[in-house]
Amino acid sequence: MTKMSSNHLRKNSAALLLSATFCWSLAAALDGNAFENPQSLTDVICGGRPRSACEVELDVPEACATGGLGADPACPIVFFLHGSGGTNNWFAKTSGVHDANMIGVYPQGEGGWNTGPKTSNNCHWSEYECTTDPDEGDLIASIIDEIRALGGTGNVYAYGNSNGAALAHRLASNGGTQLPIKGIIVSVTQLLSSPERSGPGTLNYNQPSSSRGTPPVSILSIMGDADGLIPYEGGSSSVFNGDDSFQLMPTMDSMALWASHNGCTGSYQTSEHSSDMGDGTATKFDYTSGCPEGIYVEHYAIHGGGHGAGGAQVDGAKIDVLGFVAKVEGAGGGGPSPSPPTPSPPTSGCENDASWSGKFNTAHTCDYVAENPPNRCFF
(Lines give C-alpha, C1' and ligand atoms only; values in the text may rest on other atoms or scores of the structure.)
Protein backbone atom coordinates (compact mmCIF):
# COMPACT_ATOMS: atom_id res chain seq x y z
CA MET A 1 0.00 0.00 0.00
CA THR A 2 2.75 2.38 0.96
CA LYS A 3 4.80 1.35 -2.04
CA MET A 4 1.89 1.94 -4.40
CA SER A 5 1.25 5.34 -2.87
CA SER A 6 4.91 6.22 -3.28
CA ASN A 7 4.92 5.18 -6.94
CA HIS A 8 1.70 7.05 -7.51
CA LEU A 9 3.22 10.13 -5.91
CA ARG A 10 6.31 9.91 -8.09
CA LYS A 11 4.17 9.58 -11.22
CA ASN A 12 2.02 12.51 -10.19
CA SER A 13 5.12 14.58 -9.40
CA ALA A 14 6.60 13.79 -12.79
CA ALA A 15 3.34 14.70 -14.49
CA LEU A 16 3.14 17.96 -12.57
CA LEU A 17 6.75 18.80 -13.49
CA LEU A 18 6.09 18.07 -17.17
CA SER A 19 2.92 20.15 -17.03
CA ALA A 20 4.71 23.03 -15.33
CA THR A 21 7.51 22.90 -17.90
CA PHE A 22 4.97 22.87 -20.73
CA CYS A 23 3.09 25.83 -19.24
CA TRP A 24 6.33 27.78 -18.71
CA SER A 25 7.29 27.17 -22.32
CA LEU A 26 3.94 28.50 -23.47
CA ALA A 27 4.20 31.49 -21.14
CA ALA A 28 7.67 32.27 -22.46
CA ALA A 29 6.63 32.11 -26.11
CA LEU A 30 7.24 35.01 -28.46
CA ASP A 31 3.66 35.76 -29.48
CA GLY A 32 2.67 37.52 -32.67
CA ASN A 33 0.50 40.62 -32.76
CA ALA A 34 -1.58 42.47 -35.32
CA PHE A 35 -0.33 45.50 -37.23
CA GLU A 36 -0.58 48.69 -35.11
CA ASN A 37 -1.22 46.60 -31.98
CA PRO A 38 2.22 46.05 -30.41
CA GLN A 39 2.78 44.17 -27.18
CA SER A 40 4.09 45.85 -24.04
CA LEU A 41 7.31 45.01 -22.23
CA THR A 42 6.97 48.07 -20.02
CA ASP A 43 6.18 46.28 -16.76
CA VAL A 44 9.01 43.79 -17.26
CA ILE A 45 11.66 46.31 -18.28
CA CYS A 46 10.90 49.66 -16.69
CA GLY A 47 10.37 48.82 -13.03
CA GLY A 48 13.06 50.04 -10.65
CA ARG A 49 14.76 52.30 -13.19
CA PRO A 50 15.19 56.08 -12.75
CA ARG A 51 12.73 56.78 -15.56
CA SER A 52 9.34 58.47 -15.50
CA ALA A 53 8.46 58.10 -19.20
CA CYS A 54 9.74 54.57 -19.73
CA GLU A 55 7.74 52.44 -22.14
CA VAL A 56 8.79 49.54 -24.36
CA GLU A 57 6.66 48.25 -27.22
CA LEU A 58 7.39 44.92 -28.94
CA ASP A 59 6.00 44.46 -32.45
CA VAL A 60 6.06 40.84 -33.62
CA PRO A 61 4.60 39.80 -36.99
CA GLU A 62 2.99 36.35 -36.95
CA ALA A 63 5.78 35.10 -39.21
CA CYS A 64 8.28 35.87 -36.43
CA ALA A 65 6.35 34.30 -33.55
CA THR A 66 7.63 31.11 -31.98
CA GLY A 67 4.56 29.23 -33.15
CA GLY A 68 4.96 26.38 -30.68
CA LEU A 69 7.49 24.32 -28.80
CA GLY A 70 10.91 23.92 -30.38
CA ALA A 71 10.48 26.75 -32.90
CA ASP A 72 13.45 29.01 -33.55
CA PRO A 73 12.31 32.36 -35.00
CA ALA A 74 15.30 34.14 -36.45
CA CYS A 75 13.62 37.31 -37.72
CA PRO A 76 15.92 40.34 -37.40
CA ILE A 77 15.21 42.46 -34.31
CA VAL A 78 15.22 46.20 -35.09
CA PHE A 79 15.23 48.91 -32.42
CA PHE A 80 13.62 52.19 -33.53
CA LEU A 81 15.06 55.10 -31.53
CA HIS A 82 13.33 58.48 -31.62
CA GLY A 83 15.11 61.83 -31.47
CA SER A 84 15.36 64.35 -28.65
CA GLY A 85 11.94 65.29 -27.35
CA GLY A 86 10.42 62.60 -29.55
CA THR A 87 8.03 59.75 -28.97
CA ASN A 88 7.68 56.07 -29.80
CA ASN A 89 3.95 56.46 -30.45
CA TRP A 90 4.14 56.30 -34.23
CA PHE A 91 6.56 53.47 -34.89
CA ALA A 92 3.91 50.75 -34.70
CA LYS A 93 2.24 52.41 -37.69
CA THR A 94 5.29 53.53 -39.66
CA SER A 95 8.13 51.06 -39.02
CA GLY A 96 7.23 48.60 -41.78
CA VAL A 97 8.27 45.52 -39.79
CA HIS A 98 5.09 43.58 -40.60
CA ASP A 99 5.74 43.89 -44.33
CA ALA A 100 9.42 43.04 -43.89
CA ASN A 101 8.90 40.13 -41.44
CA MET A 102 11.14 41.70 -38.82
CA ILE A 103 10.60 42.28 -35.09
CA GLY A 104 10.28 45.94 -34.08
CA VAL A 105 11.23 47.32 -30.67
CA TYR A 106 10.04 50.82 -29.77
CA PRO A 107 11.43 52.16 -26.47
CA GLN A 108 10.56 55.58 -25.08
CA GLY A 109 13.38 57.77 -23.80
CA GLU A 110 13.31 60.41 -21.11
CA GLY A 111 12.77 63.38 -23.41
CA GLY A 112 15.49 61.82 -25.50
CA TRP A 113 18.46 59.57 -24.77
CA ASN A 114 21.21 60.11 -22.23
CA THR A 115 24.12 60.35 -24.68
CA GLY A 116 25.42 63.73 -23.58
CA PRO A 117 25.03 66.43 -20.92
CA LYS A 118 21.35 66.92 -20.06
CA THR A 119 19.87 69.51 -17.74
CA SER A 120 17.52 66.85 -16.38
CA ASN A 121 20.39 64.65 -15.14
CA ASN A 122 21.27 64.46 -11.46
CA CYS A 123 24.91 63.46 -11.96
CA HIS A 124 27.78 64.84 -14.00
CA TRP A 125 28.35 62.85 -17.18
CA SER A 126 31.70 61.62 -15.82
CA GLU A 127 30.09 59.94 -12.78
CA TYR A 128 29.90 56.45 -14.24
CA GLU A 129 28.64 54.92 -10.99
CA CYS A 130 25.56 57.15 -10.97
CA THR A 131 22.31 55.25 -10.36
CA THR A 132 19.85 58.14 -10.56
CA ASP A 133 20.21 58.96 -14.28
CA PRO A 134 19.11 56.80 -17.23
CA ASP A 135 21.60 54.08 -18.21
CA GLU A 136 20.77 53.57 -21.86
CA GLY A 137 23.13 50.66 -22.50
CA ASP A 138 21.68 48.67 -19.64
CA LEU A 139 18.12 49.46 -20.76
CA ILE A 140 18.67 48.15 -24.30
CA ALA A 141 20.66 45.14 -23.06
CA SER A 142 17.78 44.24 -20.73
CA ILE A 143 15.28 44.44 -23.58
CA ILE A 144 17.45 42.16 -25.72
CA ASP A 145 17.70 39.69 -22.83
CA GLU A 146 13.91 39.63 -22.49
CA ILE A 147 13.36 39.02 -26.20
CA ARG A 148 15.92 36.22 -26.09
CA ALA A 149 14.12 34.72 -23.10
CA LEU A 150 10.88 34.80 -25.09
CA GLY A 151 12.54 32.90 -27.92
CA GLY A 152 13.67 35.60 -30.35
CA THR A 153 16.98 34.47 -31.84
CA GLY A 154 17.52 36.96 -34.67
CA ASN A 155 20.35 39.44 -35.18
CA VAL A 156 19.91 42.86 -33.54
CA TYR A 157 19.91 46.19 -35.36
CA ALA A 158 19.33 49.80 -34.29
CA TYR A 159 17.85 52.61 -36.34
CA GLY A 160 17.92 56.12 -34.93
CA ASN A 161 17.39 59.69 -35.98
CA SER A 162 19.35 62.59 -34.44
CA ASN A 163 19.61 61.85 -30.69
CA GLY A 164 18.37 58.34 -31.49
CA ALA A 165 21.24 57.98 -33.96
CA ALA A 166 23.65 59.06 -31.24
CA LEU A 167 22.35 56.19 -29.13
CA ALA A 168 22.64 53.76 -32.06
CA HIS A 169 26.30 54.75 -32.49
CA ARG A 170 26.85 54.21 -28.77
CA LEU A 171 25.14 50.82 -28.71
CA ALA A 172 27.31 49.61 -31.58
CA SER A 173 30.43 51.10 -29.94
CA ASN A 174 29.69 48.95 -26.89
CA GLY A 175 28.75 45.90 -28.93
CA GLY A 176 29.44 42.41 -27.59
CA THR A 177 27.67 39.80 -25.50
CA GLN A 178 25.31 42.28 -23.82
CA LEU A 179 24.71 44.36 -26.92
CA PRO A 180 25.02 42.01 -29.92
CA ILE A 181 24.51 44.75 -32.51
CA LYS A 182 24.79 43.49 -36.09
CA GLY A 183 24.12 46.78 -37.85
CA ILE A 184 23.00 50.39 -37.36
CA ILE A 185 21.17 52.88 -39.53
CA VAL A 186 21.95 56.41 -38.37
CA SER A 187 20.57 59.67 -39.69
CA VAL A 188 21.91 63.15 -38.98
CA THR A 189 24.42 62.25 -36.26
CA GLN A 190 27.97 60.93 -36.39
CA LEU A 191 30.34 59.55 -33.74
CA LEU A 192 31.69 61.74 -30.95
CA SER A 193 35.41 62.36 -30.97
CA SER A 194 35.27 63.13 -27.23
CA PRO A 195 34.77 62.27 -24.46
CA GLU A 196 35.76 58.61 -24.46
CA ARG A 197 32.94 57.73 -22.05
CA SER A 198 29.89 59.52 -20.68
CA GLY A 199 26.91 58.67 -18.53
CA PRO A 200 26.09 55.87 -16.07
CA GLY A 201 27.16 52.27 -16.30
CA THR A 202 29.77 50.31 -18.20
CA LEU A 203 28.17 50.31 -21.68
CA ASN A 204 28.93 54.00 -22.08
CA TYR A 205 31.87 54.25 -24.49
CA ASN A 206 31.45 56.71 -27.35
CA GLN A 207 33.74 55.12 -29.94
CA PRO A 208 34.24 51.49 -31.02
CA SER A 209 37.43 49.74 -29.93
CA SER A 210 38.87 46.39 -30.96
CA SER A 211 40.84 46.32 -27.71
CA ARG A 212 37.54 46.29 -25.80
CA GLY A 213 36.24 43.55 -28.06
CA THR A 214 33.75 45.63 -30.04
CA PRO A 215 32.71 43.40 -32.97
CA PRO A 216 32.39 44.67 -36.56
CA VAL A 217 29.07 46.31 -37.39
CA SER A 218 27.48 47.27 -40.70
CA ILE A 219 26.44 50.91 -40.93
CA LEU A 220 24.22 53.03 -43.16
CA SER A 221 24.62 56.75 -42.49
CA ILE A 222 22.57 59.66 -43.84
CA MET A 223 23.67 63.24 -43.19
CA GLY A 224 22.95 66.72 -44.48
CA ASP A 225 26.17 68.61 -45.16
CA ALA A 226 24.54 71.94 -44.27
CA ASP A 227 23.10 70.79 -40.93
CA GLY A 228 22.98 73.76 -38.58
CA LEU A 229 22.44 71.65 -35.47
CA ILE A 230 24.81 68.70 -35.95
CA PRO A 231 27.67 70.07 -38.10
CA TYR A 232 28.73 67.75 -40.92
CA GLU A 233 32.34 68.83 -40.37
CA GLY A 234 32.13 68.05 -36.66
CA GLY A 235 32.95 70.14 -33.62
CA SER A 236 30.61 71.41 -30.94
CA SER A 237 26.83 71.66 -31.03
CA SER A 238 24.12 73.46 -29.10
CA VAL A 239 22.68 70.06 -28.11
CA PHE A 240 25.58 69.71 -25.65
CA ASN A 241 24.41 72.73 -23.63
CA GLY A 242 27.72 74.57 -23.88
CA ASP A 243 29.87 71.66 -22.63
CA ASP A 244 32.92 71.74 -24.90
CA SER A 245 34.04 68.33 -23.64
CA PHE A 246 31.60 66.95 -26.19
CA GLN A 247 32.92 67.21 -29.73
CA LEU A 248 31.58 65.56 -32.86
CA MET A 249 33.88 63.92 -35.38
CA PRO A 250 33.81 65.21 -38.94
CA THR A 251 31.34 62.92 -40.68
CA MET A 252 33.89 61.41 -43.06
CA ASP A 253 36.24 60.75 -40.12
CA SER A 254 33.39 58.98 -38.35
CA MET A 255 32.80 56.79 -41.41
CA ALA A 256 36.53 56.13 -41.75
CA LEU A 257 36.73 55.03 -38.11
CA TRP A 258 33.86 52.60 -38.55
CA ALA A 259 35.41 51.29 -41.76
CA SER A 260 38.79 50.80 -40.09
CA HIS A 261 37.23 49.17 -37.04
CA ASN A 262 35.34 46.79 -39.31
CA GLY A 263 38.53 45.67 -41.05
CA CYS A 264 37.80 47.57 -44.28
CA THR A 265 40.57 49.06 -46.39
CA GLY A 266 39.09 52.55 -46.03
CA SER A 267 38.76 53.13 -49.76
CA TYR A 268 35.32 53.95 -51.09
CA GLN A 269 33.39 54.29 -54.32
CA THR A 270 31.23 57.34 -54.96
CA SER A 271 28.04 57.71 -56.96
CA GLU A 272 25.96 60.81 -57.62
CA HIS A 273 22.20 60.99 -57.07
CA SER A 274 19.28 63.39 -57.02
CA SER A 275 17.58 64.44 -53.79
CA ASP A 276 14.44 66.31 -52.79
CA MET A 277 16.31 68.34 -50.17
CA GLY A 278 19.12 70.86 -50.11
CA ASP A 279 20.50 71.71 -53.54
CA GLY A 280 18.84 68.66 -55.09
CA THR A 281 21.92 66.43 -55.16
CA ALA A 282 23.42 63.69 -53.00
CA THR A 283 26.60 61.62 -52.99
CA LYS A 284 26.83 58.03 -51.82
CA PHE A 285 30.14 56.88 -50.34
CA ASP A 286 30.33 53.08 -50.36
CA TYR A 287 33.21 51.41 -48.50
CA THR A 288 31.81 47.90 -48.83
CA SER A 289 34.04 46.54 -51.60
CA GLY A 290 37.04 46.90 -49.28
CA CYS A 291 35.30 45.31 -46.29
CA PRO A 292 35.21 41.70 -45.06
CA GLU A 293 32.40 39.63 -46.51
CA GLY A 294 29.02 40.46 -45.01
CA ILE A 295 30.04 43.93 -43.76
CA TYR A 296 28.44 46.98 -45.36
CA VAL A 297 29.58 50.55 -44.74
CA GLU A 298 27.62 53.21 -46.65
CA HIS A 299 27.12 56.95 -46.29
CA TYR A 300 24.77 59.34 -48.07
CA ALA A 301 25.67 63.04 -48.01
CA ILE A 302 22.62 65.17 -48.82
CA HIS A 303 24.21 68.29 -50.26
CA GLY A 304 22.74 71.45 -48.78
CA GLY A 305 20.55 69.32 -46.53
CA GLY A 306 19.78 70.34 -42.97
CA HIS A 307 18.89 68.37 -39.86
CA GLY A 308 15.88 66.80 -41.58
CA ALA A 309 18.08 65.10 -44.18
CA GLY A 310 17.41 61.68 -42.70
CA GLY A 311 14.00 61.82 -44.38
CA ALA A 312 15.37 62.86 -47.78
CA GLN A 313 14.34 61.08 -50.95
CA VAL A 314 17.24 59.90 -53.07
CA ASP A 315 16.49 59.25 -56.75
CA GLY A 316 12.78 59.67 -56.04
CA ALA A 317 12.41 57.41 -53.00
CA LYS A 318 13.40 57.36 -49.37
CA ILE A 319 16.41 55.25 -48.45
CA ASP A 320 15.06 51.87 -47.39
CA VAL A 321 16.13 51.31 -43.79
CA LEU A 322 14.74 47.78 -43.52
CA GLY A 323 16.07 47.02 -46.99
CA PHE A 324 19.55 47.65 -45.60
CA VAL A 325 18.84 45.24 -42.74
CA ALA A 326 17.65 42.62 -45.24
CA LYS A 327 20.80 43.11 -47.29
CA VAL A 328 23.06 42.57 -44.29
CA GLU A 329 21.03 39.51 -43.34
CA GLY A 330 21.33 38.05 -46.83
CA ALA A 331 24.95 39.10 -47.36
CA GLY A 332 23.98 40.11 -50.89
CA GLY A 333 25.35 42.97 -52.98
CA GLY A 334 24.06 46.27 -54.26
CA GLY A 335 22.63 49.31 -52.55
CA PRO A 336 19.56 49.62 -50.38
CA SER A 337 16.37 48.81 -52.24
CA PRO A 338 14.34 52.01 -52.47
CA SER A 339 10.88 51.99 -50.96
CA PRO A 340 7.95 53.72 -52.68
CA PRO A 341 8.09 57.48 -52.29
CA THR A 342 6.24 58.79 -49.25
CA PRO A 343 3.62 61.34 -50.27
CA SER A 344 3.81 64.74 -48.65
CA PRO A 345 1.01 65.49 -46.19
CA PRO A 346 -1.67 67.89 -47.42
CA THR A 347 -1.27 71.51 -46.50
CA SER A 348 -3.48 72.61 -43.66
CA GLY A 349 -3.50 76.35 -44.23
CA CYS A 350 -1.94 76.93 -40.82
CA GLU A 351 0.79 79.51 -40.14
CA ASN A 352 4.07 79.14 -38.26
CA ASP A 353 4.29 80.46 -34.72
CA ALA A 354 7.59 82.37 -34.72
CA SER A 355 7.93 81.93 -30.95
CA TRP A 356 7.48 78.12 -30.98
CA SER A 357 10.26 75.59 -30.38
CA GLY A 358 10.47 72.04 -29.11
CA LYS A 359 10.50 71.96 -25.33
CA PHE A 360 13.77 70.02 -25.20
CA ASN A 361 15.78 72.11 -27.67
CA THR A 362 15.20 75.71 -28.74
CA ALA A 363 16.84 74.90 -32.09
CA HIS A 364 13.81 72.76 -32.96
CA THR A 365 11.81 75.63 -34.54
CA CYS A 366 8.96 75.42 -37.05
CA ASP A 367 11.45 75.88 -39.91
CA TYR A 368 13.55 73.04 -38.50
CA VAL A 369 10.56 70.69 -38.29
CA ALA A 370 9.46 71.75 -41.78
CA GLU A 371 12.68 70.34 -43.23
CA ASN A 372 11.15 66.89 -42.80
CA PRO A 373 7.34 67.15 -42.38
CA PRO A 374 6.73 63.36 -42.12
CA ASN A 375 8.72 63.38 -38.87
CA ARG A 376 6.76 66.26 -37.32
CA CYS A 377 5.00 63.95 -34.89
CA PHE A 378 8.28 62.84 -33.30
CA PHE A 379 9.03 66.22 -31.63
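Guide: A disulfide, as the word is used here, is a pair of cysteine sulfur atoms within 2.5 Å. This is a predicted model, in which local features need pLDDT of at least 70 and side-chain atom pairs count only at pLDDT 80 or more, while totals for chains, interfaces and linings use all residues. Residues are numbered from 1 along each chain as its sequence is written, and side-chain values use heavy atoms, with hydrogens and water left out.

Visitor: What is the mean pLDDT of the protein chain?

Guide: The mean pLDDT, the predictor's confidence in each residue from 0 to 100, is 86 for the protein chain, and 79% of its residues reach 70 or more. Over residues 1-26, however, the pLDDT is below 50, and beyond near neighbours in sequence this stretch has two contacts in the model, a contact being heavy atoms within 4.5 Å.

Visitor: How many disulfides does the rule give, and what pattern do they follow?

Guide: The count comes to four disulfides, and with bonded cysteines counted along the chain their pattern is 1-2, 3-4, 5-6, 7-8.

Visitor: Why is the link of Cys264 and Cys291 called a disulfide?

Guide: The sulfur atoms of Cys264 and Cys291 are 2.0 Å apart, and the pair is called a disulfide because the rule asks for sulfur atoms within 2.5 Å. The torsion about the S-S bond of Cys264 and Cys291 is about 105°, so this disulfide is right-handed. The pair links distant parts of the chain, 27 residues apart, with Cys264 in the loop between helix 7 (251-261) and strand 10 (269-274) and Cys291 in the loop between strand 11 (281-286) and strand 12 (297-302); helices (H or I, at least four residues) and strands (E, at least two) are DSSP runs, numbered from the N terminus.

Visitor: What makes Cys264 count as buried?

Guide: Buried means under 20% relative accessible area, exposed over 50%, and partly exposed in between (1.4 Å probe, protein chains only). Cys264 has 9% relative accessibility and therefore counts as buried, and Cys291, with a relative accessible area of 12%, is buried too.

Visitor: Why is the disulfide of Cys64 and Cys75 called left-handed?

Guide: The torsion about the S-S bond of Cys64 and Cys75 is about -90°, so the disulfide is left-handed. The sulfur atoms of Cys64 and Cys75 are 2.2 Å apart. Cys64 is buried, with a relative accessible area of 0%, and Cys75 counts as buried at 11% relative accessibility.
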